[in-house]
Structures are given as C-alpha cells and as structure tokens.
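This report walks through one protein model. It begins with charged side chains, then turns to aromatic rings and the overall fold.

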Amino acid sequence: MSKRDDIVTAAVDVFSRYGFRQTSMELLARAAGVSRPALYLHFANKQDVFAAVAARVTDLMTAAAHRARDAEGTPADQVYGVLAVKLETAIGVTEARFRQELVSEAAGMGLTPVEDGLVDALVELLAGIPEPRETAALLLAATVGIGQSDGTPEVLRGRLRRLVDLVMSGLDSAPGPKNTDPNRRNTPPPQRS
C-alpha cells in the first residue's frame with residue numbers, strides 16, 4: 001500500500017469521527033503518522049483528502065452492493081443485501097451528528113454520491129417492475145431513515161428486513177409480469193426504439 005493510500009485510510013476514520021469542519025490537516029497528518037509537510041506532498045488541501053476519501057468509500061460500497069446484487073438467494077435477499085451496505089455504513093462508520101455534514105460537503109464539491117452505485121444495483125434487481133429507479137431511490141431513502149432511527153444495530157437490521165419483505169411481497173402481488181425464478185435477477189424490459 002502506498003503512503004497516499006495509508007493517508008486516505010487514516011482519513012476515513014478522522015472524517016467519520018470529527019466531520020468535515022472539525023477535521024484539520026494537522027489531525028489528518030497525525031492520524032496517518034506523517035508530518036504536515038509530508039501530507040502536503042500527497043494532497044493540496046483538506047478538500048483534496050476528502051475527495052480521495054469519498055472516492056474510496058464510493059468504490060468500496062459500490063463493490064459491496066454488486067456482490068450483494070449477484071449473491072445467491074431470493075430477489076428479496078438480494079435487495080436486502082444491497083440496502084444493507086448503506087445501513088451498515090450508516091450505523092457503523094460515521095458518527096450520526098456528522099453524516100449530513102459529510103454528505104452536504106461532498107455534494108457541494110460535486111462528488112458523485114455513493115448512492116448512485118447502490119441505486120444502479122437495485123435498478124437491475126427491480127428491472128421488471130414499473131419505475132424501478134424511483135422504487136430503488138425510495139428504498140434507499142427509507143434505509144437512510146432506518147439508519148437514523150433509534151435502536152441497536154440488530155433492531156435496525158430487522159426493520160430493514162421487514163421493509164424489504166413488505167415491499168417485495170407487495171411487488172409480487174401486483175398485477176403484471178413476474179420473475180418466477182427466485183434465483184435469477186429480473187431482466188430489463190426490451191428497449192424501445
């Protein structure tokens with residue numbers, strides 16, 4: 001692993017614990033075990049470090065979502081797996097009081113939201129229903145709400161599972177074409193010319 005990678009790894013924890021505003025180049029350097037001048041050899045400023053952290057987190061979450069999407073199991077299991085990537089990040093990585101600040105900062109810097117990769121994975125699983133992108137965005141927003149609610153991680157995971165089971169059973173009972181093979185993802189509808 002390169003020194004730059006070491007700095008980004010350390011910075012994930014610093015931004016998660018202190019948020020964007022309270023994080024300084026001094027804190028980042030100390031956490032990475034380098035001097036401030038050495039930190040500046042790799043990154044121009046705090047925004048540059050934050051952008052690298054956001055890219056790392058996005059890549060890790062997107063890869064985890066794709067693994068969940070491609071995992072064996074029912075469509076409900078796969079949808080739960082993709083959403084659990086977001087929930088686990090919400091309840092395990094960043095202190096709740098800094099989540100919105102970090103998301104806002106990333107948006108203000110024009111960074112690609114991590115949710116885009118999760119929505120894309122969900123859309124593939126929901127492709128056989130009307131408005132799969134909107135449904136995916138709704139499920140993701142509900143997952144964020146669950147992650148911000150009170151409860152132990154086990155309770156929050158149970159709430160997410162209940163949400164997915166309710167939505168998927170509702171989709172299964174809705175009129176229209178069905179994917180009857182529980183071990184196969186929905187295939188997208190044919191493209192119109």
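## A salt-bridge network

A salt bridge here is a side-chain nitrogen of Lys or Arg within 4 Å of a carboxyl oxygen of Asp or Glu. The model is predicted. By that rule, 10 salt bridges are counted. Arg 69, Asp 70 and Glu 124 are linked in a network of such bridges.

Arg 69 takes part in both of the bridges described here. The side chains of Arg 69 and Asp 70 meet at 2.8 Å, N to O. They are also joined by a polar contact of 2.8 Å. With Glu 124, the closest N and O atoms of Arg 69 are 3.1 Å apart. Arg 69 belongs to helix 4 and Glu 124 to helix 7 (residues 115–125), so this pair ties together parts that are 55 residues apart in sequence.

How buried or exposed is each member? Arg 69 has a relative accessible area of 10%, so it counts as buried, because buried means under 20%. Asp 70 is partly exposed, at 41% relative accessibility. Glu 124 is also partly exposed, with a relative accessible area of 33%.

Arg 56 forms a salt bridge with Asp 5. The closest N and O atoms are 3.7 Å apart. Arg 56 lies in helix 4 and Asp 5 in helix 1. The two residues are 51 apart, and the pair links distant parts of the chain. Both ends are partly exposed: Arg 56 has a relative accessible area of 22%, and Asp 5 has 31%.

## An aromatic cluster

The structure holds 3 aromatic pairs. One of them joins Phe 15 and Phe 50 edge-to-face, 5.1 Å centre to centre, with 70 degrees between the planes. Phe 15 lies in helix 1 (residues 3–22) and Phe 50 in helix 4, so the pair ties together parts that are 35 residues apart in sequence. Phe 15 is buried, with a relative accessible area of 1%. Phe 50 is buried too, at 5%.

Phe 50 also pairs with Phe 20. That pair is edge-to-face, 5.2 Å centre to centre, with 75 degrees between the planes. Phe 20 is in helix 1 and Phe 50 in helix 4, so the pair ties together parts that are 30 residues apart in sequence. Phe 20 is buried, with a relative accessible area of 5%.

## Helix 2 and its neighbours

Which residues of helix 2 are buried? In this helix (residues 25–32), they are Met 25, Leu 27, Leu 28, Ala 29 and Ala 32. The buried residues pack against helix 1, helix 3 (36–42) and helix 4. Gly 33 follows helix 2, and its phi is positive, near 70 degrees.

## The chain as a whole

The protein chain has 9 helices and 0 strands. Of its 193 residues, 38% count as buried. Among contacts with a separation of 6 or more, 68% come from residues 24 or more positions apart. The chain exposes about 10700 Å², and carbon and sulfur atoms supply 55% of it.

Technical notes:
Residues are numbered from 1 along each chain as its sequence is written. This is a predicted model: local features need pLDDT of at least 70, side-chain atom pairs count only at pLDDT 80 or more; totals for chains, interfaces and linings use all residues. Side-chain values use heavy atoms; hydrogens and water are left out. Buried means under 20% relative accessible area, exposed over 50%, partly exposed in between (1.4 Å probe, protein chains only). A polar contact is a pair of N or O atoms within 3.5 Å; within protein, one must be able to donate a hydrogen and the other to accept it, and residues adjacent in sequence count only if both atoms are side-chain atoms. Rings of Phe, Tyr and Trp (its six-membered ring) pair if their centres lie within 6.5 Å; planes under 30 degrees apart count as stacked, over 60 as edge-to-face and the rest as tilted. Helices (H or I, at least four residues) and strands (E, at least two) are DSSP runs, numbered from the N terminus. Contact means heavy atoms within 4.5 Å. Accessible areas come from the Shrake-Rupley method with a 1.4 Å probe; for residues, only the protein chains shown count as cover.
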